[in-house]
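Please look over the sequence and the model shown here, and keep both in view while reading the paragraphs below.

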Amino acid sequence: MDSTNFLNYINKGYETSGDSIILGAAMLDGETIPDAHIKIPLKTLNRHGLIAGATGTGKTKTLQVLAENLSDNGIPVLMMDIKGDLSGIAEPGEVKPFITERHAKINIPYTTKGFPVELMSLSEQDGVRLRATVSEFGPVLFSRILDLNDTQSGVISVIFKYCSDHTMTLVDLKDIKKAIQYITEEGKAEIEKEYGRISTSSTGSILRKIVELEQQGADVFFGETSFDINDLMRIDENGNGYINIIRLTDIQDKPKLFSTFMLSLLTKIYNRLPEQGDSGRPELVIFIDEAHLIFNQASKTLLDQIENIVKLIRSKGVGLFFVTQNPTDVPNGVLSQLGLKIQHALRAFTANDRKAIKMTAENYPISEYYKTDEIITQLGTGEALITALNEKGIPTPLAATMLRTPMSRMDILTPDEISAVNSKSKLVRKYKDTIETESAFEVLTKRTEASEQAAAQQEAQKQEEKQQKTTRSSDSGSGQIQKSVLKVVTSATFIKGAMNLLTKLFKK
Ligand SMILES: Nc1ncnc2c1ncn2[C@@H]1O[C@H](COP(=O)(O)OP(=O)(O)O)[C@@H](O)[C@H]1O
Ligand SMILES: [Mg+2]
């Protein structure tokens, strides 16, 4: 086929007037056309995207290329690193013959560079600790995370309302558990008077679901100091956007915790960022590598919520990129909203594979230059079919692309390098310690104590009255002795009450 026509076709289709990122050069009939550069306008990077393809085809490196170029343009990035292979972005790459050959083919000089990085964690792993408070979720979202039914969600709403009416904060899971216990026991009458009847079967189910979440390590995630999302938006002294890497290797098998975190993060970003208008560039771009892990075990309500936020967050200048093996891993409602699509090779081993490839191909623009379903299986490593949105929001021509190589290291950091990143991080210090404030747990515990003390006193009083009656009716001569016995009895009752209380407290 005519490569000059093709070059013109690509150059015209990928023409930009504002800032853009060059991902590589288009290929035709297996040959790379050096100057057929695939340029993605920065302006459209809040329109979300997908990077798909079989294992080992180059998805993570494509993510790395995109992230580096965003950072280079002063745009901060957040990456979910599930397999732990993204930390190398902090160090410059190494010039190697296969890389310079690749870059000669696409006519882009190969330079190496390390980027400003923060390493973050949801657990006790080293790095910036990410936490959120229960209050921040609000009753609706908190109920969704627990996958509660309407009645149960109603109970959660009452608890949030009660705590807010009585200026108690819900910081961690201990707080909400204490509040649930309180409304079913000593606070029952008070709550029912104010907010109506609460079913104890509901509170039982809610508690069980909270325990389930706790077992996935969420007790470490909920707490103070809550993460301020403005700390994701930093630019370093050279004008490079920070690349924030959340290391999730230790929560791979905890999908509930992961989706809870994702949802809290997206909601926070949505609530805190101002409406963006048409600023010409994104404020933050989020990449989720191995994205099927959040979608796989998420409940229907949670998926709906994610879908909703994905739709809304765009107007805040936030782009979300999903990286996954098969496009079908991503829910349809999300898929239909993606602006940039990068499809690496898929393998056609089984009839099912072939069906999936056909379906994938149908989701790409028709091209007179390619047989899409065939080319998907023929792409080499670090090559992909790309379609983006141009500055007018119209899909660009489909282009089989030879991608550039990341400027930074295509491997992980050593443990020493990780320590070095963490020890110079201001954020690590800022979020290091869990702060115990007086929240619902402490307030309600005090209340329980007080009411138990009152009960003990009442009991003591009763005893006293009883004793007095017997004293009066018996020999008045031994009154003195009786009185001191009474004192002993009274304080014994009181101590018994207090002991009960203490054992209760220590059991928690
Ligand atoms: N753009 C690229 N330039 C050079 N090498 C690449 C590129 N993309 C992928 N590779 C090579 O392919 C290997 C696998 O890529 P990776 O991104 O980890 O695959 P995936 O995430 O799809 O499993 C990399 O370690 C690297 O050697
Ligand atoms: Mg990968």
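The model is a predicted one, and the protein in it is divided into domain 1 (3–128 + 242–411), domain 2 (134–221) and domain 3 (440–507). Where domain 2 meets domain 3, 10 residues of domain 2 are in contact with seven residues of domain 3. On the domain 2 side, the largest share of these residues, five, comes from helix α6 (residues 173–184), and the residues of that side divide into five nonpolar, one polar and four charged.

The next stop is the ligand. Around ligand 1 there are 14 residues, of which Gly 58, Lys 59, Thr 60, Lys 61 and Gly 382 come nearest. Helix α2 (residues 59–72) gives the largest share of this shell, with three residues, and the shell as a whole is made up of two nonpolar, nine polar and three charged residues.

Which residues of α13 are buried? They are Ile 357, Thr 360 and Ala 361, and since these buried residues fall within an arc of 95° when seen down the axis of α13, they line one face of the helix. Those buried residues pack against β10 (340–343) and α14 (372–378), whereas the face turned away from the buried side carries the exposed residues Ala 351, Asn 352, Lys 355 and Glu 362.

In the loop between β2 (31–41) and β3 (49–52) lies His 48, whose phi is near 65°, a positive value in a residue other than glycine; His 48 counts as buried because 24 other C-beta atoms lie within 10 Å. Asn 107, in the loop between α3 (97–106) and β5 (117–121), also is not a glycine and has a positive phi of about 55°, but Asn 107 is partly exposed, with 13 other C-beta atoms within 10 Å. A cis peptide bond, with omega about 5°, joins Glu 224 and Thr 225, and Thr 225 has its place in the loop between α8 (200–221) and β7 (243–247).

The last stop is Gln 461, in helix α17 (residues 440–473).

Methods: Residues are numbered from 1 along each chain as its sequence is written. Chains are lettered from A and ligands numbered from 1 in the order in which they are written. This is a predicted model: local features need pLDDT of at least 70, side-chain atom pairs count only at pLDDT 80 or more; totals for chains, interfaces and linings use all residues. A residue is near a molecule or strand if its C-beta atom, placed from the backbone, lies within 6 Å of it. Helices (H or I, at least four residues) and strands (E, at least two) are DSSP runs, numbered from the N terminus. Ala, Val, Leu, Ile, Met, Phe, Trp, Tyr, Cys and Pro count as nonpolar, Asp, Glu, Lys and Arg as charged, and the others, Gly among them, as polar. Domain bounds come from an automatic or database domain assignment. Two residues are in contact if their C-beta atoms, placed from the backbone, lie within 7 Å. A residue is buried if 20 or more other C-beta atoms lie within 10 Å of its own, exposed if 12 or fewer, and partly exposed in between; C-beta atoms are placed from the backbone. The arc is that of the directions from the helix axis to the C-beta atoms.
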